[in-house]
Amino acid sequence: MCAARIWIKNPLAVFLPEQLDGRGGLVIEDSRISEILPLGASPSQPCDNVVDARDHVVLPGLINAHHHFYQTLTRAWLPVVNQPLFPWLKTLYPVWARLTPEALHLASQVAMAELLQSGCTTVSDHHYLFPQGMEQSLDVQVEVVQQLGMRALLTRGSMNLGEEQGGLPPQHTIQDADTILQDSLRLIQRYHQRHDGAQIQIGLAPCSPFSVTTDLMREIARQAQQHDVRLHTHLGETLDEEAFCQQTFGMRTVDYLEHVGWLSDRTWLAHGIHFNDDEIKRLGAAGTGICHCPVSNMRLASGICPTVELEAAGAPVGLGVDGSASNDASNLMYEARQALYLQRLRYGAQQITPQRVLRWATAGSARLLGRRDIGELAVGKQADLALFKLDELRFSGSHDPLSALILCGAERADKVMVGGEWRVSDGEIIGLDSETLMVKHRAAARALIAGM
Ligand SMILES: [Zn+2]
């Protein structure tokens with residue numbers, strides 16, 4: 001049987017390395033990109049389908065490297081609107097502990113749908129809440145990923161250091177180490193795909209140094225190595241956390257990371273703000289990745305990630321929206337724009353370009369997730385694409401299309417393709433009734449807060 005061929009013809013602009021001319025467009029064959037055409041060129045073989053892209057800016061599908069989907073149920077909740085991390089967490093834990101599988105299903109649908117509409121094709125979620133009745137949390141999320149046709153690296157989070165052991169989370173939200181390790185193994189064996197173009201992968205992700213024991217951190221590193229899966233956690237987010245590590249373990253965060261066998265290129269860390277020069281060097285030498293989450297860092301007033309020094313040291317840098325209780329949007333284009341502005345405050349205008357933040361949101365995040373088959377437009381890579389139109393008032397009068405996406409604030413893709421399949425058309429997710437979803441999700445959010 002002939003492969004299906006699609007020509008994304010003559011786009012307004014394409015996000016490619018500077019020396020490459022893609023003005024003739026891209027050819028998609030089945031799930032992959034098979035040709036990148038310079039101006040005036042035509043596909044080498046006839047195509048079944050031609051998409052006139054003269055009004056579209058084409059990006060590789062964006063990749064979100066850090067999120068907590070369940071938090072879409074607690075967006076803009078007044079008691080924590082003005083709180084920094086630790087009190088914010090302490091107030092929210094008891095609410096989150098009431099999560100149900102149905103509520104998580106709705107929350108994951110909302111978060112992923114919102115990301116997909118913003119041009120995101122691959123997501124990573126960090127789910128660490130497994131109170132009684134929530135043992136199947138990742139199974140619930142796998143269902144939603146399949147339903148929306150996105151790609152996901154779902155990380156099996158964990159907490160086993162409760163208040164009674166000197167940790168931060170309440171006792172009824174934690175699990176014992178054996179349960180965590182057994183479930184991690186079950187999920188890897190059941191869902192983790194290793195082939196090129198994988199749709200679902202599993203990673204292991206203890207929540208943070210202040211909610212997990214040293215032994216469990218070590219055991220999980222061993223398990224990840226044994227089964228060759230990614231490791232993820234929060235690190236260097238706030239000064240409170242640094243003080244906690246000093247007090248509890250007698251060392252700084254990166255020393256602790258090394259102490260538990262995590263300082264490696266298998267690991268990526270959310271936030272990565274409070275590192276000194278020596279720590280940045282060590283993270284870079286190890287190839288440990290950092291997921292920059294600018295909006296969350298601004299909302300909780302946590303600090304500014306030293307992205308330029310980290311990249312110069314050799315650490316991959318990607319982008320994440322973080323959970324919706326601290327962002328509160330799941331829009332990766334919006335996040336890229338915020339990254340540009342926040343990082344310019346630290347490094348000036350010339351170093352932080354629209355291209356650089358778009359690279360973080362694509363190839364950078366792909367590296368964090370350990371993937372070589374996505375994150376850029378190149379022959380042989382997966383056909384994950386986000387096509388934006390510049391036809392709203394906010395773009396009127398703009399000149400350079402790629403800069404306009406970031407500077408004028410593009411928030412919604414017109415079309416999105418994942419592995420050669422269209423998932424968004426005319427800005428709407430194909431096959432999803434978002435009005436009905438919102439009615440159910442709002443009811444679940446109200447019930448969670450009310451404690452029903
Ligand atoms: Zn987070």
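So, what do the buried residues of helix 4 pack against? Before I get to that, a word on the model. It's predicted, so local features need pLDDT of at least 70 and side-chain atom pairs count only at pLDDT 80 or more, while totals for chains, interfaces and linings use all residues. Residues are numbered from 1 along each chain as its sequence is written. Helices (H or I, at least four residues) and strands (E, at least two) are DSSP runs, numbered from the N terminus.

Okay, the answer: helix 3 (137-148), strand 9 (151-158), strand 10 (200-206) and helix 5 (214-227). Contact here means C-beta atoms, placed from the backbone, within 7 Å.

Which residues of helix 4 are buried? Ile180, Ser184, Leu187 and Ile188. Buried means 20 or more other C-beta atoms within 10 Å of the residue's own; exposed means 12 or fewer, and partly exposed is in between. Those four cover an arc of only 100° around the axis, so they sit on the same side of helix 4; the arc is taken from the directions from the helix axis to the C-beta atoms. Over on the other side, Asp178, Gln182, Gln189 and Arg190 are exposed.

Four strands make an open sheet, order 4-3-1-5, with mixed pairing; strands pair if DSSP finds at least two bridges between them. Strand 4 (32-37) and strand 5 (49-52) are at the edges with a single partner strand each, so one side of each has no neighbour in the sheet. Strand 1 (residues 5-9) runs parallel to strand 5, joined by 4 bridges, and isoleucine 8 stands opposite valine 51 in strand 5.

Terms used
Contact = placed C-beta atoms within 7 Å.
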